[in-house]
Amino acid sequence: NLSATWAVDELPKKLTLDASTGTISGKPSKAGEYTLNVTATTSAGVSSATVLLSIKEKPTKASISTSKLTQITIGSAVTDKLVYKGTEPVTFAFPEGLPEGMAFDSSTAAFSGVPTKAGNFVIKATASNIVNTLTEKEPSVKKIKLVVKGLAPVIKDIEAFPDGIVGKEYETYQVQLASGTSPDTWSASGLPKGLDINTSGEIAGTPEKAGSFKVKITGKNNG
């Protein structure tokens, strides 16, 4: 075997060549494409070759910075994407906590669909890239608070409530909606003592006083 002495005309900064082994080592300080003219000299002669050296930027960890998806009305179409940074390609896991009716495309980081249920939701989005693979670090996690607003409830007209008898349990009456989302809270003013309205919009109880009463029913939700 012939031992060779290696040489290269110019290396990127912070890289060095071991002339006895031909090993290039170090920590390059600048990314770029470099054309190297490498020469090996032995007792038998000289050989040279042109080699392309590609130095990439140091990869940055994937992280989700924000999402414009903060509030939407039930029944409305969702069109929004996660805002993120980090070395591509970035991989997304399917988010936890999506409201019913919504979907997520992990290849484009886009939300879609039409939410069918009102409420307050916390969506847990996860992103990872090559940094996680090289360092075995946990993926980046972002919790997104989303409010799905209900449609304002419209109570169906009530001509008259069923009659009641003092001291006798009143036949439960269910208030109906003409449109909108079922209210989060119900209230009723003017009911005779002993009757009340529950969280489902049902009037029940045992009336304690006879008479005619003017009752106002109110339903409220986060819409």
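Me: Exposed means over 50% relative accessible area, buried means under 20%, and partly exposed is in between. With that in hand, is Lys-193 buried or exposed?

Reply: Note that this model is predicted. Lys-193 has 61% relative accessibility, so Lys-193 counts as exposed.

Me: How do I read a salt bridge? How many does the structure hold?

Reply: Side chains of opposite charge can pair when their charged atoms come close. Here the structure holds one salt bridge. Its partners are the side chains of Glu-208 and Lys-193, at 4.0 Å from N to O.

Me: Which parts does the pair of Glu-208 and Lys-193 tie together?

Reply: Find two loops. Glu-208 sits in the loop between strand E19 (202-205) and strand E20 (216-220). Lys-193 sits in the loop between strand E17 (185-189) and strand E18 (195-197). The pair therefore ties together parts that are 15 residues apart in sequence.

Me: What else is in the loop between E19 and E20?

Reply: Gly-211 is there. Its relative accessible area is 56%, so Gly-211 is exposed. Now look across to Pro-192. Gly-211 and Pro-192 are 19 residues apart along the chain, and their C-alpha atoms are separated by 8.3 Å.

Me: Which residues gather in a patch of positive charge on the surface?

Reply: Four lysines do: Lys-27, Lys-58, Lys-61 and Lys-137. Take Lys-27 as a case. Lys-27 lies in the loop between strand E3 (23-26) and strand E4 (32-42). With a relative accessible area of 72%, Lys-27 is exposed.

Me: Let us turn to rings. How many aromatic pairs does a search of the whole structure find?

Reply: A pair of aromatic rings is described by the distance of the centres and the angle of the planes. The search finds five aromatic pairs here. One of them joins Phe-92 and Phe-104. Their centres are 6.4 Å apart and their planes stand at 75°, so this pair is edge-to-face. It also links distant parts of the chain: Phe-92 in strand E9 (residues 91-96) and Phe-104 in strand E10 (residues 102-105), 12 residues apart. Both of these residues are buried.

Me: What does Phe-94 form with Phe-104?

Reply: Phe-94 and Phe-104 form another aromatic pair, again edge-to-face. The values are 6.5 Å centre to centre and 80° between the planes. Phe-94 lies in strand E9 and Phe-104 in strand E10, so the pair ties together parts that are 10 residues apart in sequence.

Me: Are Phe-94 and Phe-104 buried or exposed?

Reply: Compare the two values with the cut-offs. Phe-94 has a relative accessible area of 53%, so Phe-94 is exposed. Phe-104 has 9%, so Phe-104 is buried.

Me: Which residues do ring pairs link into a cluster?

Reply: The cluster holds Tyr-84, Phe-92, Phe-94, Phe-104 and Phe-111.

Me: Now the backbone. Where is a cis peptide bond?

Reply: Most residues other than glycine have a negative phi, and most peptide bonds are trans. In this model a cis bond joins Glu-88 and Pro-89, with omega about 0°. Pro-89 is placed in the loop between strand E8 (80-85) and E9.

Me: Which residue has a positive phi of about 80° although it is not a glycine?

Reply: That is Lys-14. Lys-14 lies in the loop between strand E1 (5-8) and strand E2 (15-18). With 60% relative accessibility, Lys-14 counts as exposed.

Me: What is phi of Glu-136?

Reply: Phi of Glu-136 is near 60°, also a positive value. Glu-136 sits in the loop between helix H1 (130-135) and strand E13 (140-149). Its relative accessibility is 71%, so Glu-136 counts as exposed.

Definitions and conventions: Residues numbered from 1 in each chain as written. Predicted model: local features only at pLDDT ≥ 70, side-chain atom pairs only at ≥ 80, totals over all residues. Heavy atoms only, no water. Helix = DSSP H or I, 4+ residues; strand = E, 2+ residues; numbered from the N terminus. Buried < 20%, exposed > 50% of the residue type's maximum accessible area, 1.4 Å probe, protein only. Patch = residues over 30% accessible without salt bridge, like charges linked within 9 Å, V, L, I, M, F, W, Y side chains within 5 Å. Areas by Shrake-Rupley, 256 points an atom, 1.4 Å probe, with all protein chains shown as cover. Lys, Arg positive; Asp, Glu negative; His and termini not counted. Charge placed at Lys NZ, Arg CZ, Asp CG, Glu CD. Phe/Tyr/Trp six-rings, centres within 6.5 Å; stacked < 30°, edge-to-face > 60°.
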